[in-house]
Amino acid sequence: MAVSAVLLIYWRNSMKPQDKLAIENMRLDGITPAEIASRLHLSPNTVYSHIRRHPKLPNARTCLNCGKPVKQFDGHKAKKYCSDKCRMAWWNSHQDEVKRKAFYTLTCSQCGKEFISYGNKDRKFCCRECYLDSRRPLQL
Ligand SMILES: [Zn+2]
Ligand SMILES: [Zn+2]
């Protein structure tokens, strides 16, 4: 009895931003709304109505490698992988792509200057002006 009395005192009807994140992380873990409510000292109704309003886990991202939902933590950079293993696996299988995004030293076909193009070796012009110049009819 004492425990539920304490819980009642702490039950809140408003959520802090970190509560929302905690709810989403627990939902990813498959924890029931009632259990989430008691862990966060929130009223179950608050949790239920939050879930009803956000059925799709708005902050949840899925792992780039395996597609599993990835838990996010407040104040951290968005995590893209569910685990280090997935991060390594993704990098290993996308090494070509990562490398292809290297830069290329190309020659502008308008002004003849060398320029650096990131990830695109088919660029023809060093800048927008050269591109526009190339389309302008020659005025001799
Ligand atoms: Zn993963
Ligand atoms: Zn140019």
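In this predicted model, P33, A34, I36 and A37 of helix α3 meet P44, T46, V47, Y48 and I51 of helix α4, where a meeting is a contact, with the C-beta atoms of two residues, placed from the backbone, within 7 Å. By class, this contact holds eight nonpolar residues, one polar residue and no charged ones; Ala, Val, Leu, Ile, Met, Phe, Trp, Tyr, Cys and Pro count as nonpolar, Asp, Glu, Lys and Arg as charged, and the others, Gly among them, as polar. Helix α3 covers residues 33-40 and helix α4 residues 44-53, and their axes come within 8 Å and cross at roughly 125 degrees. That angle makes α3 oblique to α4, since angles under 35 degrees count as roughly parallel, over 145 as roughly antiparallel, 65 to 115 as roughly perpendicular and the rest as oblique. The axes are lines fitted to C-alpha atoms, for helices over the stretch in contact, with angles running from 0 to 180 degrees between N-to-C directions. The crossing of α3 past α4 is right-handed, that is, the near helix is turned clockwise from the far one by less than a right angle.

The loop between α3 and α4 contains H41. This residue has a positive phi of about 55 degrees, although H41 is not a glycine. H41 counts as partly exposed because it has 14 C-beta neighbours inside 10 Å; a residue is buried if 20 or more other C-beta atoms, placed from the backbone, lie within 10 Å of its own, exposed if 12 or fewer, and partly exposed in between.

Residues are numbered from 1 along each chain as its sequence is written, while chains are lettered from A and ligands numbered from 1 in the order in which they are written. Local features need pLDDT of at least 70 and side-chain atom pairs count only at pLDDT 80 or more, whereas totals for chains, interfaces and linings use all residues.

Across the chain, the secondary structure comes to seven helices and four strands, with helices (H or I, at least four residues) and strands (E, at least two) taken as DSSP runs numbered from the N terminus. From that end, the elements follow the order α-α-α-α-β-β-α-α-β-β-α. Of the 140 residues, 11% are buried. Among contacts with a separation of 6 or more, 30% join residues 24 or more positions apart.

Confidence is given as pLDDT, the predictor's confidence in each residue, from 0 to 100. The chain averages 82, and 83% of the residues score at least 70. Helix α3 has the highest mean among the elements (94), and helix α1, residues 2-10, the lowest (50). Over residues 5-9 the pLDDT stays under 50, and the model has two contacts beyond four places in sequence for this stretch.

Helix α2, residues 17-28, includes R27. R27 is buried, as 20 C-beta neighbours lie inside 10 Å. Its C-alpha atom is separated by 9.8 Å from that of K71, 44 residues away along the chain. L28, also found in helix α2, counts as partly exposed, with 16 such neighbours. L28 and V70 are 42 residues apart in sequence and 8.1 Å apart, C-alpha to C-alpha.

Further along, helix α5 (residues 84-93) holds C86. With 18 other C-beta atoms within 10 Å, C86 is partly exposed. Leaving aside residues up to four places away in sequence, C86 touches C63, N65, C66 and Y81.
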